[in-house]
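The exercises below concern one protein chain. Work through each task with the structure open before reading its solution.

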Amino acid sequence: NPDLLAERSWHGEVGTDLRLVEGFRFSVTGFYRRDNNLIDYGIANSNDIPNNENLQADADYLLAQNILSVQTLGLESQLTYQFKADGFSMEYILGNQLIQTVNPTEEATRYLSNRPRFLFTAQGIFTIKDFVTISFQNVSKIREGAVSEAIGAELTDRYSIWNAKVMVHLSPRLSLFGQAYNLTDAAYQDILGARLPNRWINGGI
């Protein structure tokens with residue numbers, strides 16, 4: 001789309017950290033974002049698309065276009081617990097994010113419709129004798145589901161992914177690590193039609 005305008009946005013947030021008791025910290029942040037001329041993909045008829053010489057006549061396509069104005073309101077909170085003993089430490093982090101997007105045009109564009117309404121994260125980190133570190137991470141989303149029979153794709157209204165990592169610290173400057181993504185081998189997509197990887201593993205030094 002040669003007629004796209006540059007995006008403009010404003011973002012503000014306010015938050016606080018609370019030390020509840022020893023080892024516990026609670027954080028909460030509220031945020032607001034306003035986007036003007038936000039670029040997103042929406043359905044457009046080929047008759048209305050510039051440079052449409054190579055498109056099928058009177059057919060619908062996804063076209064990058066400007067959305068007049070989009071407002072995003074959100075509330076993010078996080079609870080952290082830390083514990084240390086002789087030769088052992090652990091840290092738990094629980095977080096969630098509530099997001100409300102207001103699009104005055106109510107146009108069903110690609111990325112806006114896939115934004116999660118609720119995002120939950122959990123992480124655990126365990127260190128033993130400063131030699132081995134084991135960590136787990138979970139990401140869970142709730143959003144609007146969608147189905148496209150034309151491409152045989154489904155965007156579920158929720159999913160949960162687990163990752164894990166192990167590090168062995170051979171010296172202060174040398175470590176070995178192995179990590180696994182999508183431990184449960186879940187089939188999921190963040191964008192309809194673009195499937196994300198199944199379980200996969202990597203490692204390094």
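This is a predicted model: local features need pLDDT of at least 70, side-chain atom pairs count only at pLDDT 80 or more; totals for chains, interfaces and linings use all residues.

**Exercise 1. Describe the secondary structure and the overall dimensions of the chain.**

Step 1. Count the elements: the chain has one helix and 13 strands. Helices (H or I, at least four residues) and strands (E, at least two) are DSSP runs, numbered from the N terminus.

Step 2. Write down their order, which is β-β-β-β-α-β-β-β-β-β-β-β-β-β along the sequence.

Step 3. Compare the radius of gyration with the globule rule. The chain gives 22 Å, well over the 17 Å that the rule predicts for 205 residues, so the chain is more spread out than a compact globule. The radius is taken over C-alpha atoms, and the rule is 2.2 Å times the number of residues to the power 0.38.

Step 4. Check the extents: along the principal axes, the C-alpha atoms fill a box of roughly 70 × 40 × 30 Å.

Step 5. Of the 205 residues, 30% are buried. Among contacts between residues at least 6 apart in sequence, 53% join residues at least 24 apart; contact means heavy atoms within 4.5 Å.

**Exercise 2. How many salt bridges does the structure hold, and which residues does the network of shared partners join?**

Step 1. The structure holds five salt bridges.

Step 2. One of them is between the side chains of Lys141 and Asp190, at 3.5 Å from N to O. This pair links distant parts of the chain, as Lys141 is in strand 6 (residues 132–142) and Asp190 is in strand 11 (residues 189–191), 49 residues apart.

Step 3. Lys141 is buried at 17% relative accessible area, whereas Asp190 is partly exposed at 26%.

Step 4. Salt bridges with shared partners join Lys141, Arg143 and Asp190 into one network.

Step 5. Asp157 forms a salt bridge with Arg158, and their closest N and O atoms are 3.7 Å apart. Asp157 is partly exposed, at 39% relative accessibility.

**Exercise 3. Examine the positive phi angles of Lys129 and Asp185.**

Step 1. Recall the background: most residues other than glycine have a negative phi.

Step 2. Lys129 is not a glycine, yet its phi is positive, at about 55°. Lys129 sits in the loop between strand 5 (118–128) and strand 6 and is exposed, at 59% relative accessibility.

Step 3. Asp185 is also not a glycine and has a positive phi of about 60°. Asp185 is located in the loop between strand 10 (174–181) and strand 11, where its relative accessibility of 33% makes it partly exposed.

**Exercise 4. Is Asn182 buried or exposed, and which residues does it contact?**

Step 1. Asn182 belongs to the loop between strand 10 and strand 11.

Step 2. Its relative accessible area is 2%, so Asn182 is buried.

Step 3. With neighbours within four places in sequence left aside, Asn182 contacts Ile161, Trp162, Asn163, Tyr188, Pro197, Asn198 and Arg199.

Step 4. Asn182 and Asn198 are 16 residues apart along the chain, and their C-alpha atoms are separated by 6.3 Å.

Step 5. Turn to another loop residue. Asp48 lies between strand 2 (24–45) and strand 3 (60–85) and is exposed, with a relative accessible area of 62%. The C-alpha atoms of Asp48 and Ile93, 45 residues apart along the chain, are separated by 49 Å.

Notes. Residues are numbered from 1 along each chain as its sequence is written. Side-chain values use heavy atoms; hydrogens and water are left out. Buried means under 20% relative accessible area, exposed over 50%, partly exposed in between (1.4 Å probe, protein chains only). A salt bridge is a side-chain nitrogen of Lys or Arg within 4 Å of a carboxyl oxygen of Asp or Glu.
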